[in-house]
Amino acid sequence: MTEATVIIDQLLAKLGAVSSLAGDGQVCDSDPQIDQYTPLPLAHFRELSEGKPERRGREWKRTRNIQVDLYQPVNAGRAGRDQLLSEVLAAMVPSTAGIPLPG
């Protein structure tokens with residue numbers, strides 16, 4: 001198993017631990033087919049790009065860009081969207097230290 005596979009598996013597990021996304025099939029890493037039968041909310045985790053390795057002193061730095069798309073029912077409203085996003089951010093970035101937030 002490569003380092004990238006281990007990291008992505010851990011990120012998927014963190015997403016799966018979000019209480020709103022705890023149902024079976026509510027976190028996916030392949031293109032979801034959204035229709036009236038799809039259980040929502042749904043998180044779609046995908047890799048956007050991988051940068052070429054860069055030399056940093058004696059070590060190498062590798063960069064991967066990922067994106068998490070969140071799908072919710074229309075009737076969830078703004079409060080529901082904010083709640084789901086807060087839960088996902090808390091799971092993916094456990095500490096907001098270093099992330100400037102207003103207020």
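**Strands, a cis bond and salt bridges**

Trainee: Which residue is the bridge partner of Phe-45 in strand 5?
Mentor: Val-68 is the bridge partner of Phe-45 there. Before we go on, this is a predicted model, where local features need pLDDT of at least 70, side-chain atom pairs count only at pLDDT 80 or more, and totals for chains, interfaces and linings use all residues. Residues are numbered from 1 along each chain as its sequence is written, and side-chain values use heavy atoms, with hydrogens and water left out.

Trainee: How many bridges join strand 2 to strand 5?
Mentor: Eight, and the two strands run antiparallel. Strands here are DSSP runs of E with at least two residues, and helices are runs of H or I with at least four, numbered from the N terminus. Two strands pair if DSSP finds at least two bridges between them.

Trainee: In what order do the strands of the open sheet come?
Mentor: The order is 1-2-5, with three strands and mixed pairing. Strand 1 and strand 5 (64-71) are at the edges with a single partner strand each, so one side of each has no neighbour in the sheet.

Trainee: Switching topic, is the peptide bond from Leu-40 to Pro-41 cis or trans?
Mentor: That bond is cis, with omega near 5 degrees. Pro-41 sits in the loop between strand 1 (27-28) and strand 2 (42-50).

Trainee: OK, and how many salt bridges are there in the whole structure?
Mentor: A search finds four, each one a side-chain nitrogen of Lys or Arg within 4 Å of a carboxyl oxygen of Asp or Glu. One of them joins Arg-46 and Asp-69, at 3.2 Å from N to O. That pair links distant parts of the chain, with Arg-46 in strand 2 and Asp-69 in strand 5, 23 residues apart.

Trainee: Is Asp-69 buried or exposed?
Mentor: Asp-69 is buried at 17% relative accessibility, while Arg-46 is partly exposed at 32%. Buried means under 20% relative accessible area, exposed over 50%, and partly exposed in between, using a 1.4 Å probe and protein chains only.

Trainee: What does Arg-64 form a salt bridge with?
Mentor: Its partner is Glu-47, with the closest N and O atoms 3.3 Å apart. Arg-64 is in strand 5 and Glu-47 in strand 2, so this pair ties together parts 17 residues apart in sequence.

Trainee: And where are Asp-82 and Arg-78?
Mentor: Both are in helix 2 (residues 77-92), four residues apart, which is about one helical turn.
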